[in-house]
Structure formats: structure tokens, C-alpha cells
Amino acid sequence: MNCNTKILIESDLFYIAQCHQCKKISLQYKNILVKFLPKYFYGFCNALERIEFKTMSVLSPQGKRQIVLNTGHHDIQFTFTDCEFDELRDVLQQVKIMLDAEKLLQQPQA
Ligand SMILES: [Zn+2]
């Protein structure tokens with residue numbers, strides 16, 4: 001249940017970490033912590049890059065414009081305002097670059 005994680009990135013709203021053992025990536029947003037297998041994390045990142053807030057956002061019951069994203073778990077969804085969505089995209093982009101760099105370093109030298 002508990003992973004031995006290292007922090008990849010932290011921002012005002014988000015926190016992303018990876019487990020040394022199982023390699024699962026945790027994304028924390030406010031009080032919600034969602035864990036992804038690396039391949040699903042990449043899928044989540046890639047899906048986000050194609051989403052436009054303007055066209056995908058909806059009006060919440062409280063009258064706020066927000067975007068609703070699947071977490072990969074039934075019945076649990078994230079909701080983000082425009083600013084939060086921008087921040088999320090920014091941290092995910094940075095984490096992806098870090099993970100890609102790590103992968104390159106782990107490859108045996110030719
Ligand atoms: Zn783990």
C-alpha cells in the first residue's frame with residue numbers, strides 16, 4: 001500500500017512522486033492522491049496535451065468554468081479551473097522531460 005517515493009516535482013497545487021520499487025507515479029492535487037502505472041501516466045499526459053480548456057470546460061453546479069478529467073478510476077474525477085489546468089499541464093510537461101531524461105541515462109551506452 002505505502003510506496004517508497006521520491007518527489008519529482010512540487011508546485012502550489014500539485015505534487016508528483018515516483019515509487020522506487022513499483023515505479024508507480026503519484027499525482028497529488030489538493031487532498032486527492034492518484035497513482036498511475038508509468039504507461040498510464042504517460043497516457044494521461046498525452047491526453048492532456050490535446051485538450052483545450054476553452055472547448056472542453058463546462059459550467060460547474062456552483063457556476064465556475066471547469067474541466068473534468070478522468071483519473072483512470074471509476075467514479076473519481078478531477079476538476080480544474082483554467083489556472084489550475086495550466087499549472088497541471090506545466091508540471092506534467094516538466095515531469096515528462098525528467099522521466100525521459102532518466103530513461104536515456106538508464107540505457108546502456110552504445
Ligand atoms: Zn510502490
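This is a short tour of the structure, stop by stop.

The model is predicted: local features need pLDDT of at least 70, side-chain atom pairs count only at pLDDT 80 or more, and totals for chains, interfaces and linings use all residues. Residues are numbered from 1 along each chain as its sequence is written.

**Whole chain.** Show the C-alpha trace. Along its principal axes, the trace spans about 55 × 30 × 25 Å. Color by secondary structure. There are 3 helices and 7 strands. Helices (H or I, at least four residues) and strands (E, at least two) are DSSP runs, numbered from the N terminus. Along the sequence, the pattern reads β-β-β-β-α-α-β-β-β-α. Of the 110 residues, 14% are buried. Buried means 20 or more other C-beta atoms within 10 Å of a residue's own; exposed means 12 or fewer, partly exposed in between, with C-beta atoms placed from the backbone.

**Residues 5-10.** Select strand β1. None of its 6 residues is buried, so β1 lies largely in the open.

**Residues 14-19.** β1 and β2 pair in the antiparallel sense over 5 bridges. Two strands pair if DSSP finds at least two bridges between them. The two form a hairpin, with 3 residues between them. Now find I9: it stands opposite I16 in β2.

**Residues 82-106.** Select helix α3. Its 25 residues should span 36 Å at 1.5 Å a residue, and its end C-alpha atoms are 36 Å apart, which agrees. The expected span is 1.5 Å times one less than the number of residues.

**Inside α3.** Which residues of α3 are buried? Pick F85, L88, V91, L92 and V95. The buried residues of α3 pack against several elements, including β1, β2 and α1 (38-49).

Conventions: Two residues are in contact if their C-beta atoms, placed from the backbone, lie within 7 Å.
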